[in-house]
Amino acid sequence: MTSVTLNPLVLVAELTHRCPLHCVYCSNPLELAKREVELSTASWAHVFEEAAAAGVLQADLTGGEPLIRSDIVELVKAGRRSGLYISLITSGIPLTETKLAAIVESGLDHFQLSFQGASEQIGREISDTISHSQKLQVLRWLKGLKGHHVGVTLNFVIHRRNIQELDRMIEIVREHQPGCAEFASVQYYGWALANRDALLPTRTQLDYCVETLKSAERELRGTTRIAFVVPDYYAKYPKACVGGWGRKLILVSPDGTALPCHAAKVIPGLCFDNVKDKTLKEIWEESTAFRQFRGEDWMQEPCKSCERRQQDFGGCRCQAFILSGVAASTDPVCSLAPTRHNVDVALAAINRTTNDHSEAKPAYRYRHNPA
């Protein structure tokens, strides 16, 4: 296995798996951590200190829904005391104007607000919760903050059921002028994989999405940066998932388990260390799980001799396992992968279906909450 040569740059702090929403594409694992095993305020503060000492620059406070934590203000303060750039990734629920002001006053650097669509109807279909009007209210509160320079990103998760609302999403961006608007296609792990047949867009939808966002990017250049992540299944080559396994990011789950990415537990045979037992630096440098797919030594052909191997690092290990059954194989979304046909079969089935977004609501498998 290749030895570590880089420091982690980003800590993803999954503060809780609890959430008022039940999104059908939730990135949390199917097996959710219960409240009783969540790290305490003091434990998270210690994690932030260790992260900064290990070279981490930014901490993303996420969940579940991080606002569920009653100590969210204290956690933001703890992260800032450690010298980390603190980003809060939230659905905006539950939140009040007073609570938002307190979070910002505590030193928050960046606020990312997620949207399920551009209407209450789609928002409710996807999250099984009434939440869209609250998100718009949060945007008004953010605009009303005085004397604070908090970066704002709007995150729209794009899929087959909400692409028809793309123009309305862009209108929300146009009205509120955040620093960045992300239009991120669903990635098919966990809950999203269970609902893939309802969420994977058709080629016609994708083409419309690309052209519409290119136009929006030209229009809003200099005001809002538009970022679009194409669905992996339609890509010619895979992305360097989380910047490469064990190269830039370390995720700590609610119970303290440290992971190279949010979906890593789907790969059998990997043993993950816990911050209760080892320091973040020890885990980063010595953990067999983090070293398993770091670098190039693990690669098989065609990755092993591919000129792109230091750009995409073979793609996503979790996706490789899900689609091919072998974590060390080339990510099947790659056009060069021997198992690319697994993706093509899925795309062919989706593109035989109608593009009519008024079709009956699918029988989703909704994300549930832990006990």
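Predicted model: local features only at pLDDT ≥ 70, side-chain atom pairs only at ≥ 80, totals over all residues.
Two packed helices are described by the angle between their axes and the distance between the axes. Helix 1 spans residues 41–54, and helix 2 spans residues 72–81. Their axes come within 9 Å. The crossing angle is roughly 25°. Angles under 35 degrees count as roughly parallel, so helix 1 is roughly parallel to helix 2. Their crossing is right-handed. On the helix 1 side, the contact is made by Thr41, Trp44, Ala45 and Phe48. Helix 2 contributes Glu74, Leu75, Ala78 and Gly79. By class, this contact of helix 1 with helix 2 holds five nonpolar, two polar and one charged residues.

Helix 2 also packs with helix 3, which covers residues 97–105. The axes of helix 2 and helix 3 come within 8 Å and cross at roughly 15°. That angle makes helix 2 roughly parallel to helix 3. The crossing of helix 2 and helix 3 is right-handed. From helix 2, the residues in contact are Ile72, Val73 and Val76. They meet Lys99, Ala102 and Ile103 in helix 3. The contact of helix 2 with helix 3 comprises five nonpolar residues, no polar residues and one charged residue.

The crossing of helix 6 and helix 9 is right-handed. Helix 6 takes part through Leu166, Asp167, Ile170, Val173 and Arg174. Across from them, helix 9 supplies Tyr208, Cys209, Thr212, Leu213, Ala216, Glu219 and Leu220. Sorted by class, the contact of helix 6 with helix 9 has eight nonpolar, one polar and three charged residues.

Attention now turns to empty space. Rolling a probe the size of a water molecule over the atoms shows where empty space is left. The second largest pocket has a volume of about 280 Å³. Its lining is made of 18 residues. Of these, Pro29, Leu30, Glu31, His262 and Lys265 lie nearest the centre of the pocket. The lining of the second largest pocket divides into eight nonpolar, six polar and four charged residues.

Notes: Residues numbered from 1 in each chain as written. Heavy atoms only, no water. 1 Å grid on protein atoms, 1.4 Å probe; cavity = no way out; pocket = protein on both sides within 12 Å on 5 of 7 lines; lining within 4 Å. Points joined across faces, edges and corners; volume = space filled by probe spheres on them. Nonpolar A, V, L, I, M, F, W, Y, C, P; charged D, E, K, R; others polar. Axes fitted to C-alpha atoms, helices over the stretch in contact; angles between N-to-C directions. Helix = DSSP H or I, 4+ residues; strand = E, 2+ residues; numbered from the N terminus. Parallel < 35°, antiparallel > 145°, perpendicular 65-115°, else oblique. Left-handed = near helix turned anticlockwise from the far one by under 90°. Contact = heavy atoms within 4.5 Å.
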